[in-house]
Amino acid sequence: MSGRDSGNSGGKAFKREGRRENPQRSPSLRVGSIVGAICFLSPSFFATQAHAQVTFERLVNSAQEPQNWMTYSGDYSGKRFSALDQINLTNVRTMVPKWVYQTAATGKLETSPLVVDGILYATAQDNRAFALDARTGRPIWMYQRQVPGDIRPCCGRVNRGLAILGDRAFLGTLDAHVIALDAKTGAVVWDVVAADYRTGHSFTVAPLAVKNLIVIGISGGEYGVRGFIDAYGAETGDRKWRFYTVPGPGEPGHETWEGDSWKVGGAPAWNTGTYDPVTNQIFWPTGNPAPSNRGEGRAGDIL
C-alpha cells in the first residue's frame, strides 16, 4: 500500500501539507497489517484513568506503575520486564483474542507499544503512528507522514515505537524527521529534519525521553552513514546536541582511525538506549560497520 492511502474504509483521504498528512479521528478507522491484543484479564486492568501527563518523574519511577508501559523498554533500565503476574504458567493457555487493529501497512511490524493510563500508543511501517483504547481497540487517532518515493531503508520500512513525555508522543521517521504529536489528538506540534534521507539517513528506532530531551539515534550505516545520537528539546524541537559514534577530527578516539577511514561511517543506532538517573548517563547500543557486507557504498555513492 502506498503512502498516499489514507487507510480509511470510508474513503476519506487525509489532508496534506506538503509531505505531512494530518491525523484523522474516526471510530470507523480500519487499516491493513495486524496488531492484535490477546488477553483474559479483567476489564479493570485496562480501565482508563483520567489521563495524566507523563512527567520525567513518572518515567524514573515507572516501577511504581506496573499497569503502564511508558517507554520503549518499560523503564530506563532496559530490562523489558513486567512485574505483573496475572498471566502465568497456569493460566496462559486460557488467553483468547479480544480485539484486532489493522494498520494498513504491509511488510515487517517491529513496534513496541506504549500503554499510558489505558491508552495504547504504537507505530507501524511507512511512518505511521496511532493511539487506541487499550481495553476495546477503538481507534483514537492515526498519523502518517508520507514516505518519499526515493526512500532507501536497508532492512524494511519499519519503525520500532514512540517516546512519550508531557502530553506529547515523539516519532522518528524513515526520511530522518523527528516529530512531536499531541498525545490526545495526533496533531503535529513540531517537525524537524535531522539529516538528508537521500544520503541514506533514516530513523527506525524508538526515541528515549530523558528530562526535557528527546534522544534518538540515526540508522543507515549500511550506506556509509556516520552514526550519531541526537537530543532535541521536547518543547520546541530545537537540537540541543549531537554525538557522533565514529569520532572525527578533534573528537576523542579519532587518533585510532587511519587517514580518512573515519569518513566511511558506520556504528548507527540499531536499538533504543537506556538511562541511569543515578549517574545521569545515557547508554546507547550501536553496530553495523560500513559500507555493509552486502556491497552498498558510502553515503555519497547513493545520491
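Predicted model: local features only at pLDDT ≥ 70, side-chain atom pairs only at ≥ 80, totals over all residues.
The sulfur atoms of Cys154 and Cys155 lie 1.9 Å apart, and a search of the whole structure finds 1 disulfide. Cys155 is partly exposed because its relative accessible area is 41%, a value that falls between the limits of 20% for buried and 50% for exposed.

From this link the reader may turn to a sheet. Four strands form an open sheet in the order 13-14-15-16, with antiparallel pairing. Its edges are strand 13, residues 208-210, and strand 16, residues 239-244, each of which pairs on one side only. On average, neighbouring strands of this sheet are turned by 20 degrees against each other, direction ignored.

Strand 13 and strand 14 run antiparallel and are joined by 3 bridges, with Leu208 standing opposite Val215 of strand 14. These two strands form a hairpin with 2 residues between them, and Lys211 in the turn has a positive phi of about 55 degrees.

Strand 14, residues 213-217, also pairs with strand 15, residues 228-233, in the antiparallel sense over 5 bridges. In strand 15, Ala231 is the bridge partner of Val215, while Tyr232 stands opposite Ile214. Strand 14 is mostly covered, with 5 of its 5 residues buried: Leu213, Val215 and Gly217 point one way from the strand, whereas Ile214 and Ile216 point the other way, and all are buried.

Methods:
Residues numbered from 1 in each chain as written. Heavy atoms only, no water. Pairing = 2+ DSSP bridges. Axes fitted to C-alpha atoms, helices over the stretch in contact; angles between N-to-C directions. Disulfide = S-S within 2.5 Å. Buried < 20%, exposed > 50% of the residue type's maximum accessible area, 1.4 Å probe, protein only.
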